[in-house]
Amino acid sequence: MNLRIPGPTPCPPEVLAASAKQMINHRGPEFAEMARRIEAGLKQVYATRNNVLVLTTAGTGALESAVVNTLSPGDKVLSVSIGVFGDRFASIASAYGAEVTRLKYEQGTAADPQEVAKALREDADYKALLITHNETSTAVTNPLAETARAIRRSGDERLILVDAISSLSALPLPVDEMDLDVVLSGSQKGWMAPPGLAMASVSERAWRAWEQAKMPRFYFDYGRARDSAASGQTPWTPAVSVYFALDAALQMMLAEGLPAIYQRHERIGAYTRRRLQEIGLELFADPAHASNTVTAVRVPEGMDGSAITRTLREKHAVVIAGGQGALTGKILRVGHMGYVTEADIDGAVEALRVVLTSGTVASKS
Ligand SMILES: *Cc1c(COP(=O)(O)O)cnc(C)c1O
């Protein structure tokens, strides 16, 4: 099966083998050694001196953790959204009682760094900016470095909370250089590991906010996670098998080298966009901000998107994603993050070409 959805992504055999290991005591020395090795590896990938906490949860839990650990009910926040995941971050903040202002951009486009910085500057009551680095639902990467620079240039010290779930590990995101406060990722995206773990880097500024934050928190309390991590543990029972997998995946990533990983994603991103256009498909995202971890194309006029994905799966063992939310039935998405080569893309594109031209997919009448 050629699994080409934007997460969960395929795992290398070494990672799968690691995840099949026998259980160990999560309060014992073996686990502590592994947890410390993982934290050190994560700090390298995050390019940060901040704590990087590992949480047993889905990516959405990580988004929730950033909100409840840094904010109080009634806090004003500015939430930038260019798609489904930006909307989700805003909805979580709103569910916990934050007063959320949504700065929305048309799907397929990126946020404007100067506009975001200006919107934040214009209201001194905003406590935080919520922003997605790579919007998986539209295959657009926000210009995060420029945005952070535009904000910090004027001495703005407000919190920047970043959903980097489908970017960190695959796209360059030097957290300290960009001066970002909480940066979230998830094991099942570019990290080449199964779902189950999420990561959160927490800056000094974010720890000060944590001391004041009044939103209810328990399972996701960063303070408990930090205190446990100091002795190589987690507050609650962790997803031990996914720790084994992430440990192996990080070793592979550090062996490949971060510059090589970023180059590979850049190369395969461009390759995927080119190959999909060559078979007559139209890219959905603004080419200036096209993602190098996922590509979206428009469903050809008159064709049924769900019939295309079904035929690909049933006849060609290729699994791609459709659109989410308002884009359901309108776009197709091909994931290319983590354990991926050009050959995987070739297989998926060739199958897609056959499905689109063979007449096996009935067009919508
Ligand atoms: C996948 C993803 C999420 C959600 O992760 P889950 O593990 O499904 O909760 C959030 N944000 C982005 C950008 C994602 O790609």
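Reply: Gladly! Keep in mind that this is a predicted model. Let's begin with a pocket: about 150 Å³ of space lies in the second largest pocket.

Me: What makes a residue part of the lining of the second largest pocket, and which residues are they?

Reply: A lining residue needs an atom within 4 Å of a point of the pocket. The residues that line the second largest pocket are T70, L71, S72, D75, K127, L159, R208, A209, Q212 and A213. Helix 8 (residues 204–212) gives the most to this lining, with three residues.

Me: How does the lining of the second largest pocket divide by class?

Reply: There are four nonpolar, three polar and three charged residues in the lining of the second largest pocket. Asp, Lys and Arg are among the types that count as charged, and D75, K127 and R208 are among the lining residues.

Me: Now the largest pocket. How do you know where it lies relative to domain 1 and domain 2?

Reply: Look at who supplies the lining. Domain 1 (13–255) and domain 2 (257–356) both give residues to it, so the largest pocket lies between them. Its space is about 330 Å³. Of its 19 lining residues, H133, T141, L171, P172 and N292 lie nearest the centre. Helix 6 (144–153) and helix 11 (258–278) each supply at least two residues of this lining, and by class the lining has 10 nonpolar, seven polar and two charged residues.

Me: Is I131 buried or exposed, and why?

Reply: Buried means under 20% relative accessible area. I131 has 0% relative accessibility, so I131 counts as buried. You will find I131 in strand 5 (residues 126–132).

Me: What is I131 in contact with, beyond its neighbours within four places in sequence?

Reply: Contact calls for heavy atoms within 4.5 Å. On that basis I131 is in contact with V80, F89, N142, L144, T147, I160, L161, V162 and D163.

Me: What makes strand 11 and strand 14 a pair?

Reply: Two strands pair if there are at least two bridges between them. Five bridges join strand 11 to strand 14 (residues 331–335), and the two run antiparallel. One of the links to strand 14 is that of T295, whose bridge partner is V334.

Me: Which strands form the open sheet, and in what order?

Reply: The open sheet has three strands in the order 11-14-13, with antiparallel pairing. Strand 11 (294–298) and strand 13 (321–322) are the edge strands, as each pairs on one side only.

Notes: Residues numbered from 1 in each chain as written. Predicted model: local features only at pLDDT ≥ 70, side-chain atom pairs only at ≥ 80, totals over all residues. Heavy atoms only, no water. 1 Å grid on protein atoms, 1.4 Å probe; cavity = no way out; pocket = protein on both sides within 12 Å on 5 of 7 lines; lining within 4 Å. Points joined across faces, edges and corners; volume = space filled by probe spheres on them. Helix = DSSP H or I, 4+ residues; strand = E, 2+ residues; numbered from the N terminus. Domains from an automatic or database assignment. Buried < 20%, exposed > 50% of the residue type's maximum accessible area, 1.4 Å probe, protein only.
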